[in-house]
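Subject: Structure for your review

Dear colleague,

Please find below the structure that I am handing over to you. A summary of the findings follows it.

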Amino acid sequence: MSDQSSRILEYLYVNCGVDLRGYRKETLERRLTVRMAATGCVSCGQYIDYLQEHPGECEDFIDALTIKVSGFFRDPPVYEILKNKTFPDLLSARTKQGKSFVSVWSAGCARGQEAYTAAMLLHDLAAKEAPFLTLHIVGTDVDARSLQAAREGRYPAGELAGTEEGFLKRYFVKEGDYYRVVPEIRRMVTFGRHNLTGMNSGGPSEGLFASYDIIFCRNVLIYYNRDRQSRVLKRLAGMLNTGGCLVLGKAESLPRELSTAMPEAYRGTKIYFKRESLCL
Ligand SMILES: C[S@@+](CC[C@H](N)C(=O)[O-])C[C@H]1O[C@@H](n2cnc3c(N)ncnc32)[C@H](O)[C@@H]1O
């Protein structure tokens, strides 16, 4: 199935403009089997024919392939550091530099939880410490359906388990069985489709930023092979402002060639600071 499954990724790349060619084979083949069963196809060739005849299947396939587990304040110790150290330091540095804004990118944002968590924390801090700074958060994902849900910003109560009471009261409104992120926070975040692992993909076109103060890329690259991981991480490092930081997921780390210029700020947190401009 291996060569055949690669043909499907090639098809998606050429016909849907979505480059998932570095995706891990085992996950790819498991998910492909599910879509083939759902569409009644018994071979990859037949599934490619099906994709050609049913353009909507491309989205179904991307939906099935990508893993969208996320949460507000996911990995609380990481958010403790961001809240108490990284974000306050960033706001004060930007103020001292005379800058008017802070830019944050949540790359692989799923249904928006990570982007909104950053928005809430920054909003809370900036109100006290840097009221003149404008806060821009960009959330991107390859999965169009997740982005639609992210823009809605509505979550079942059970998904807010990790959210502090104070944040819940200030930044969400109850709508039946759901909680919706308040408009003030929703307005801070722009969501858009962006394929992080595309060979030539730069930053998202949604934000007007050439570089970012903070880039979250958590639990996205674990599904890709090492070569693709390393390319994407170098590109992200290049798009980070000096003094900014890249936040990865628990099971992810920087390739060796980046780890000297970008040390982990606090052991085990996967928050990496860019100390100087990099020649990559
Ligand atoms: C497991 S979720 C992680 C969500 C969030 N970053 C977190 O840590 O909670 C992975 C997300 O990455 C997205 N993703 C996977 N491959 C991608 C790619 N090549 N470009 C952009 N997003 C991608 C998936 O659609 C999914 O929403």
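The second largest pocket has a volume of about 260 Å³. This is a predicted model, in which local features need pLDDT of at least 70, side-chain atom pairs count only at pLDDT 80 or more, and totals for chains, interfaces and linings use all residues. Residues are numbered from 1 along each chain as its sequence is written, and side-chain values use heavy atoms, with hydrogens and water left out.

Pockets

A pocket here is an open set of points, on a 1 Å grid over the protein atoms alone, where a 1.4 Å probe fits, with protein on both sides within 12 Å along at least five of seven lines; lining residues have an atom within 4 Å of a point. Grid points are joined across faces, edges and corners, and the volume is the space filled by probe spheres set on them.

The lining of the second largest pocket includes R24, R226, E252 and P255. It divides into six nonpolar, three polar and three charged residues (Ala, Val, Leu, Ile, Met, Phe, Trp, Tyr, Cys and Pro count as nonpolar, Asp, Glu, Lys and Arg as charged, and the others, Gly among them, as polar).

The largest pocket has a volume of about 370 Å³. Of its 27 lining residues, I67, G108, D141, N219 and V220 are the closest to its centre. By class, this lining has 13 nonpolar, nine polar and five charged residues.

Sheets

Strands (E, at least two residues) and helices (H or I, at least four) are DSSP runs numbered from the N terminus, and two strands pair if DSSP finds at least two bridges between them.

An open sheet of six strands has the order β6-β2-β1-β7-β8-β9, with mixed pairing. Because β6 (189-193) and β9 (271-273) stand at the edges with a single partner strand each, one side of each is left without a neighbour in the sheet. Strands β1 (residues 101-107) and β7 (residues 212-217) run parallel and are joined by three bridges; S106 has F216 in β7 as its bridge partner. Helix α6 (residues 113-129) packs on this sheet and touches β1, β2 (134-141), β6 and β7, where contact means heavy atoms within 4.5 Å.

A second open sheet, of three strands, has the order β3-β5-β4 with antiparallel pairing. In this sheet, β4 and β5 (residues 178-181) pair over four bridges, and V173 has R180 in β5 as its bridge partner.

Domains

The domain assignment, whose bounds come from an automatic or database source, gives domain 1 (2-65) and domain 2 (76-273). Their C-alpha centres lie 29 Å apart, and 13 residues of domain 1 are in contact with 15 residues of domain 2.

Yours sincerely

Key. Axes fitted to C-alpha atoms, helices over the stretch in contact; angles between N-to-C directions.
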